[in-house]
Amino acid sequence: MVSHDLPREFEPNRTICRHPPATHSPGIFYGQDPLQFSIPLLLLEISMVILITRLVHYLLKPLKQPRIVSEVIGGLIIGPSCLGHNRAFSAYLFPDNSEFVMKTFGVLGFMYFVFLCGVQTDFTVIQKASKKQWYIALYGVLIPLSATLVVALCLRDTLSEELQSGSSIWGVASSLSITAFPVIYTIIREFNLLSSDIGRMALSTAVISDMIGINGVTAFEAAKQGEGRPMAALYYLISLIVVNAAIFGGVRQLMLWIVQTTPEGKPVEELYVVLILVGVAAAGFVCDMTGLAIANGPLWLGLAVPDGPPLGATLVEKSETFLWEILMPFSYVYIGLYTDVFSLHGKWQSLRPLFYMVACAYLTKLLATLLVSRCVYQMPLRDSFALSLIMSLRGQVELILFIHWTDLKMITQPYFTMLVLTSTAMTAIASPLINFVYDPTRPYMLNKRRNIQHNPPNMEFKIVLTVHDEESVPGFISLFEVSNPTPSSPLVVFALRLIELVGRATPLFIDHDNQEQNFNYSSINPIHNALRCSHDSMCGFIRIHPFTSVSPKRSMYQDICELALTKKASLILLPYNKDLLKNPQRSIDAGEQKHGSLSINSNIFSHAPCSVGVFVDKGFFQKPLSQANAKSVRHHFAMLFLGGPDSREALAYADRMVGHPDISLTVVRFLAYDGEGDHVMEKKLDDGLVTWFWVKNEGNRRVIYREVVVKNGEETMAAIQSINDVYYDLWIVGRGNGINRSLVQGLTTWSDNDELGIIGEYVSSSDISATASVLVVQQQILRDQEPVKTKRGFTVPGL
């Protein structure tokens, strides 16, 4: 007789007899319940799973909770801990004959999760890891491992019979002590910390910890299989060696051949992608058949895939969305169906020893990482605390291990429930604390001036140039030439090629002058070659230093700001998206705005450690100035001065350009009628710089200075139209709206683009010129200053 006190999953002799279910319903109009048929029931379950998990994630996102916490909670809601506790609900929506389908999809989700994590894992970072990362990883594993083993041995007599064995104690202690790289990667990617200092250190440290963990889990599996059957452990090790030899010695070589035969810049053929994804299921089958645990095969196969483009990137692009949005919710429902908070009632005495082991492992890991990073390596307290919190995060890998322990009958449902709840609680507590104590952008904001206006006249002018594609390179080269590089004030350009991170987890930052070349990201590319040619043509007055950043789009701005900070640059030059010029209605991407993610340029405006310029290239320099003939082909520039720090910075750059003999410049200063509403201090600073500029260029016939008095934004636009009678090759403007709101009165709703500002967007439009390029400049925002508001407000930072 079956005991009805046990959950269905743990009733070993439970037998159910029923008719085979039909697949398709004839419809409710025939008096049939569609949920009595397998296909409609499965479709409803899929819809409910995805809907509930996404709803929970939406509700918890303001609390800075990662997706893993939201989806585990979503699984708990569906399972016997919440809705499933109602027997009518459970029997109707999740009957016995459908649970195995949900769990099968859940296992598939975990299989493809570990596969993609293996694809993105780069073990070469271990070779590049510093001693600091090695020691933090080692102490962060050994100290909690030792402490947990001591607690387990002291409480061994009170543990359940299955947990008292040496192999079980070792397996639990080692699993609780490691930091799983896939968990760390998914959460810090979600928090946009991949390119931050702490994010990079955490990833490298987690890879080392994972390497230790893989060996620990292998030892546990062999010991567990050998309990009472010594030959089983030997068979396990033989199977392990054979499967790994087949994957890394055979399958990996085929993958390398695929990479070599794929043309550069082209994706891998779809046939190969399909075969590899099918191979994930085959690898899981082989490992499950040989007793190696079903998740091991997909993990090893993923590690065998060459990371990055073309193969790794294509695999991730083709399968990541389906995995995260369709399969993984089933995995969390699988967890939810096994978890029952009601099973904990009255079980504290039996659960207490394991709880003490868990608490000891988590607490000692947190303290060990904190003390080693703070006391031994003198990291700032906030950074040390943030790193220790990141290394304490728990997620999918731990859930897979808990399921595996259940399959091995090491733990029962109450133990499983407690482990899921404690792991989820640890991540739920640590995640908002990470966001609170660590701001990756804080180091970029400086109190020291690094801008064009305060750059000494006879010193190097350092520029960080960001390049996405070859199309923008000719315009930047022309801009450098008219920036008047001289022997006493050469241009030093740090050219950063930006590549989106796909197919690997660890971002790359390559200094092509000083680092070994990466096979996939060589400095021998058209972008850097074109820039180097400009270096040669200017006789060394322009020095180019090539860099490459491979990172997610959301965190690219961190690499740009970090390079500008370390190289002490005075200006960051950014390209403007030309597609927005062709379709102004796309000035703000609705999808990005809804999800609150800003563009790369917008993030740089907010966090740059120096001044920032956005270049709207319309091809205004088709003929390099260095090839000018005896008649001296001149280019006519116009600088619009509305006042404020951004206009002063733009004027300082224009003053540098006018030193070039082939450039003529018209400066137009806009003043408010009667000066009413002017910012007094900013007006004085404007007067000082304009007076200096005029005195310096008073005898220069190539410089024209005008002042225009306007009453509102309409008159400002009319004045710009009137001076446009003379053809200009380049407009130079400040990003801010000036020191007096009347200058742009009535125009604040006209502009949809914060990136260029109101005036910048206007002169970029085809209403002014279809061919004249535009340079929009923002002066460096010093630490603790409020950024210039370009749409509705007119606050200007004091200097």
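Tutor: Buried means under 20% relative accessible area, exposed over 50% and partly exposed in between, with a 1.4 Å probe and protein chains only. Helices (H or I, at least four residues) and strands (E, at least two) are DSSP runs, numbered from the N terminus. This is a predicted model, where local features need pLDDT of at least 70, side-chain atom pairs count only at pLDDT 80 or more, and totals for chains, interfaces and linings use all residues. Residues are numbered from 1 along each chain as its sequence is written, and side-chain values use heavy atoms, with hydrogens and water left out.

Student: How many residues of strand 8 are buried?

Tutor: Strand 8 spans residues 663-672. In a regular strand the side chains alternate between the two faces of the sheet. One side of strand 8 holds Ile663, Leu665, Val667, Arg669 and Leu671, the other Ser664, Thr666, Val668, Phe670 and Ala672, and both are covered. The buried count is 10 of 10.

Student: In which sense do strand 7 and strand 8 run, and which residue of strand 8 is the bridge partner of Ala638?

Tutor: Strands pair if DSSP finds at least two bridges between them. Strand 7 (residues 635-641) and strand 8 share 7 bridges and run parallel. Ala638 has as its bridge partner in strand 8 Thr666.

Student: Which residue of strand 10 is the bridge partner of Ala638?

Tutor: Strand 7 has 6 of its 7 residues buried. Strand 7 also pairs with strand 10 (residues 730-734), in the parallel sense over 4 bridges. There the partner of Ala638 is Trp731.

Student: Which residue of strand 9 stands opposite Arg669?

Tutor: Strand 8 pairs with strand 9 (residues 703-710) in the parallel sense, over 8 bridges. Opposite Arg669 stands Glu707.

Student: Which helix carries the chain from strand 8 to strand 9?

Tutor: A crossover is right-handed if, with the strands pointing away from the viewer, the path from the first strand over the helix to the second runs clockwise. Strand 7, helix 24 (residues 645-657) and strand 8 form such a right-handed β-α-β unit. The β-α-β crossover from strand 8 to strand 9 is right-handed too, and its helix, residues 680-696, is helix 25.

Student: Which strands stand at the edges of the sheet?

Tutor: The sheet is open and has 11 strands with mixed pairing, in the order 3-4-2-1-5-6-11-10-7-8-9. Each edge strand has a single partner strand, so one side of each is left without a neighbour in the sheet. Those edges are strand 3 (508-511) and strand 9.

Student: By how much are neighbouring strands of this sheet turned against each other on average?

Tutor: Axes are lines fitted to C-alpha atoms, for helices over the stretch in contact, and angles run from 0 to 180 degrees between N-to-C directions. For this sheet's average, direction is ignored. The turn is 20°.

Student: At what angle does helix 20 run to strand 2?

Tutor: Contact means heavy atoms within 4.5 Å. Helix 20 (residues 556-566) lies across strand 1 (461-467), strand 2 (491-500), strand 3, strand 4 (542-551) and strand 5. To strand 2 the angle is about 160°.

Student: In strand 6, which residue is the bridge partner of Leu571?

Tutor: Strand 5 (residues 571-575) runs parallel to strand 6 (residues 611-616), with 5 bridges joining them. In strand 6, Leu571 is partnered by Ser611.

Student: Are helix 14 and helix 17 roughly parallel or roughly antiparallel?

Tutor: Angles under 35 degrees count as roughly parallel, over 145 as roughly antiparallel, 65 to 115 as roughly perpendicular and the rest as oblique. The axes of helix 14 (residues 348-376) and helix 17 (residues 413-437) come within 11 Å and cross at roughly 25°. The contact includes Leu354 and Phe355 of helix 14 and Met418 and Leu419 of helix 17. The two helices are therefore roughly parallel.

Student: What relative accessible area does Glu398 have?

Tutor: Glu398 sits in helix 16 (residues 396-407). Beyond its neighbours within four places in sequence, Glu398 contacts Ala180 and Val183. Its C-alpha is 8.1 Å from that of Leu176, 222 residues apart along the chain. Glu398 is buried, at 3%.

Student: How far apart are the C-alpha atoms of Thr53 and Phe330?

Tutor: Thr53 lies in helix 1 and is buried, with a relative accessible area of 1%. Leaving aside neighbours within four places in sequence, Thr53 contacts Glu71, Gly74 and Pro329. Thr53 and Phe330 are 277 residues apart in sequence, yet C-alpha to C-alpha the separation is 9.8 Å.
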